[in-house]
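Here is a short briefing on one structure. Look over the sequence and the coordinates, then read on.

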Amino acid sequence: MLLAFGLIDYRLLFIIAGLLFIPLLPLMLAIGFSLWTRQWKLLAQACLALLTATILMAAGGATVAFFSQPPLRYTDANSLLTGFLLSLAVGVAAGLATTDDVGRREMIGLAATAQVAIVPTWFGIAFVLGFPAADPTPPKIRAISLLINIAGIVIASFVTYAALRMRGDSLRVFKAPS
């Protein structure tokens with residue numbers, strides 16, 4: 001809701017504050033990790049959690065928009081290529097951070113969330129307040145960018161885990177008895 005308020009009034013500090021409270025990076029890393037280690041139950045849970053988070057972000061955006069006045073002032077967007085390249089970098093950094101604890105996870109998480117969380121929240125707002133007429137990025141491109149950015153983070157984390165030869169054997173202890 002902080003993110004939605006920041007997007008509606010284009011207040012950068014509220015946008016950043018909102019992004020800090022949305023933990024999307026572990027969900028995308030879980031998808032990459034589960035694909036690499038063939039942990040299918042983890043994959044299903046991570047995908048369901050990411051879908052749920054996306055729906056909740058859109059619902060939060062719509063809720064805040066319901067109590068706000070138009071127009072939606074946030075119209076920024078990266079190009080598809082720029083977003084994908086940033087997502088690849090975030091995915092590699094996050095993959096490395098989970099394997100050997102390098103870097104600042106909070107900043108990596110913020111970068112990942114910024115690539116992903118803004119779009120569903122923006123759509124939730126736009127469905128209530130209307131799509132900004134002066135927005136240079138069509139809604140279709142925003143939706144495609146969401147999918148491309150998620151794919152970039154997942155692919156990069158998958159490749160990072162593969163390059164580091166991560167193993168999921170230790171997770172099998174959590175397997176439910178048959």
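Leaving aside its neighbours within four places in sequence, which residues is Thr121 in contact with? They are Leu3, Ala4, Leu7, Met57, Ala58 and Gly61, where contact means heavy atoms within 4.5 Å.

This is a predicted model: local features need pLDDT of at least 70, side-chain atom pairs count only at pLDDT 80 or more, and totals for chains, interfaces and linings use all residues. Residues are numbered from 1 along each chain as its sequence is written, and side-chain values use heavy atoms, with hydrogens and water left out.

**Thr121**

- Thr121 lies in helix H7, residues 118-129. Helices (H or I, at least four residues) and strands (E, at least two) are DSSP runs, numbered from the N terminus.
- Thr121 is buried, at 3% relative accessibility. Buried means under 20% relative accessible area, exposed over 50%, and partly exposed in between (1.4 Å probe, protein chains only).

**Aromatic pairs**

- The structure holds 10 aromatic pairs. Rings of Phe, Tyr and Trp (its six-membered ring) pair if their centres lie within 6.5 Å; planes under 30 degrees apart count as stacked, over 60 as edge-to-face and the rest as tilted.
- Phe5 and Phe14 form an edge-to-face pair, at 4.9 Å centre to centre and 75° between the planes.
- Phe5 is partly exposed at 27% relative accessibility, and Phe14 is partly exposed at 33%.
- Phe33 and Tyr161 also form an edge-to-face pair, with 5.5 Å centre to centre and 90° between the planes.
- Phe33 lies in helix H3 (residues 25-37) and Tyr161 in helix H8 (residues 139-163), so this pair ties together parts that are 128 residues apart in sequence.
- Both Phe33 and Tyr161 are buried.
- Trp122, Phe123, Phe127 and Phe131 are linked into a cluster by ring pairs.
- The charged end of Arg142 sits over the ring of Trp122, 4.1 Å from its centre. The cut-offs for this are NZ of Lys or CZ of Arg within 6 Å of the ring centre and within 35 degrees of the ring normal.

- Leu29 lies in helix H3 and is buried, with a relative accessible area of 8%.
- Not counting residues up to four places away in sequence, Leu29 touches Ala94, Gly95, Thr98, Ser157 and Tyr161.
- Leu29 and Ala156 are 127 residues apart in sequence and 9.3 Å apart in space, C-alpha to C-alpha.
- Thr99 lies in helix H5, residues 80-100. Thr99 is partly exposed, at 28% relative accessibility.
- Leaving aside neighbours within four places in sequence, Thr99 is in contact with Tyr161, Leu164 and Met166.
- Thr99 and Pro120 are 21 residues apart in sequence and 29 Å apart in space, C-alpha to C-alpha.

**Nonpolar surface patch**

- Leu2, Leu12, Leu13, Phe14, Ile16, Leu20 and Phe21 make a nonpolar surface patch of about 710 Å².
- Patches are made of residues with over 30% relative accessible area and no salt bridge; like charges are joined within 9 Å, nonpolar side chains (Val, Leu, Ile, Met, Phe, Trp, Tyr) within 5 Å. A salt bridge is a side-chain nitrogen of Lys or Arg within 4 Å of a carboxyl oxygen of Asp or Glu.
- Helix H2 (residues 12-20) gives the largest share of the patch, five residues.
- Leu2 lies in helix H1, residues 2-9, and is partly exposed at 36% relative accessibility.

Definitions and conventions
Accessible areas come from the Shrake-Rupley method with a 1.4 Å probe; for residues, only the protein chains shown count as cover.
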